[in-house]
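Here is a quick tour for anyone meeting this structure for the first time. Have a look around before reading on.

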Amino acid sequence: MRLLIIDDDTELCQLVADYLKPMGFEVEMEHDGELGAERATSEAWVAIILDVMMPGCDGFEVLRRIRAKSKVPVMMLTGRGEEVDRIVGLELGADDYLPKTFSSRELLARLRALLRRTGWIAETAPLAPIKELVVGELRINPETHVVVLGAEALQLTPAEFGLLLSLAKAHGRVKTREQLIEEVADREWDVFDRAIDMHISTLRKKLGDDPKEPRFIKTVRGYGYQLVTPGR
């Protein structure tokens, strides 16, 4: 299912794309309103996620151009959350509205509900299969929350599983503390809260990592954490 995100916040776009891709979405991004409007009306999409606040051609103008040519489902994002923005967007033809304080799970639930309402996903249709993530001997199932290391099933807390899943989706790339907090804690943790380091520490122990020379989760000093394949 091809999904277009039009938002000048490149980091947010990448976070959303990383979360939605394993859920069966083929995610494309545009960070300019003009280019976003052009792609939105010239290519086939199951839905469009559109930011209100963009320099130049803002989300409302992009929405006007989309609705002049297409009935594709549009979910709008706003960083301000003001009622007038929601009213204007809905009157211009937006199908749903979501403030930028959303959690990943809420975004997915709202997106699936939007696609069901507009006929793209039947109410009884099975969800796209979620692929198991494999990192060396480590296997992670995003749907069942089962994590297996070699032949042993690991017992992880929700926070530990969320951190591991986030790192696994970004396999090879460094995730900042801010990114991990947003994805795992739904922004309830403070960026300077050392709780995230504690969860990483206990997760490493369950993975059998030596804190001084970890096999799976490496610390990138002053930046964040990285999940790597042991021996590489």
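Predicted model: local features only at pLDDT ≥ 70, side-chain atom pairs only at ≥ 80, totals over all residues.

What follows covers the sheet, the helices packed on it and some of the salt bridges.

Start with the open sheet: 5 strands sit in the order 2-1-3-4-5, and they pair in parallel. At the edges you'll find strand 2 (26–30) and strand 5, each with pairing on one side only. Going from one strand to the next, the twist averages 20 degrees.

To zoom in on one pairing, take strand 3 (residues 47–51) and strand 4 (residues 74–78), which run parallel and share 4 bridges. Here aspartate 51 faces leucine 77 of strand 4.

## Helices on the sheet

Which strands does helix 1 touch? Helix 1 (residues 10–20) packs on the sheet and touches strand 1 (2–6), strand 2, strand 3 and strand 4. Its direction makes about 170 degrees with that of strand 2.

Helix 2 (residues 33–42) packs on the sheet too, in touch with strand 1, strand 2 and strand 3.

## Salt bridges across the chain

Side chains of opposite charge can pair up when their charged atoms come close. In this model the count comes to 16 salt bridges. One of them joins arginine 67 and aspartate 95, at 2.9 Å from N to O. These two come from distant parts of the chain, 28 residues apart: arginine 67 is in helix 3 (residues 59–69), while aspartate 95 is in the loop between helix 4 (83–92) and strand 5 (96–99). Arginine 67 is partly exposed at 24% relative accessibility, and aspartate 95 is partly exposed at 30%.

Next along is the salt bridge between arginine 110 and aspartate 96, also given as 2.9 Å, N to O. Arginine 110 belongs to helix 5 (residues 104–117) and aspartate 96 to strand 5, so this pair ties together parts 14 residues apart in sequence. Aspartate 96 is buried, with a relative accessible area of 12%, whereas arginine 110 is partly exposed at 25%.

## One more pair, and a network

Glutamate 160 and lysine 206 form another salt bridge, at 2.7 Å from N to O. The partners are 46 residues apart, with glutamate 160 in helix 6 (residues 158–169) and lysine 206 in helix 8 (residues 195–206). Is glutamate 160 buried or exposed? With 4% relative accessibility, glutamate 160 counts as buried, while lysine 206 is partly exposed at 32%.

Finally, salt bridges link Arg2, Glu26, Glu28, Glu30, Arg39 and Glu43 into a network.

Technical notes
Residues numbered from 1 in each chain as written. Heavy atoms only, no water. Salt bridge = Lys/Arg side-chain N within 4 Å of Asp/Glu carboxyl O. Buried < 20%, exposed > 50% of the residue type's maximum accessible area, 1.4 Å probe, protein only. Pairing = 2+ DSSP bridges. Axes fitted to C-alpha atoms, helices over the stretch in contact; angles between N-to-C directions. Contact = heavy atoms within 4.5 Å.
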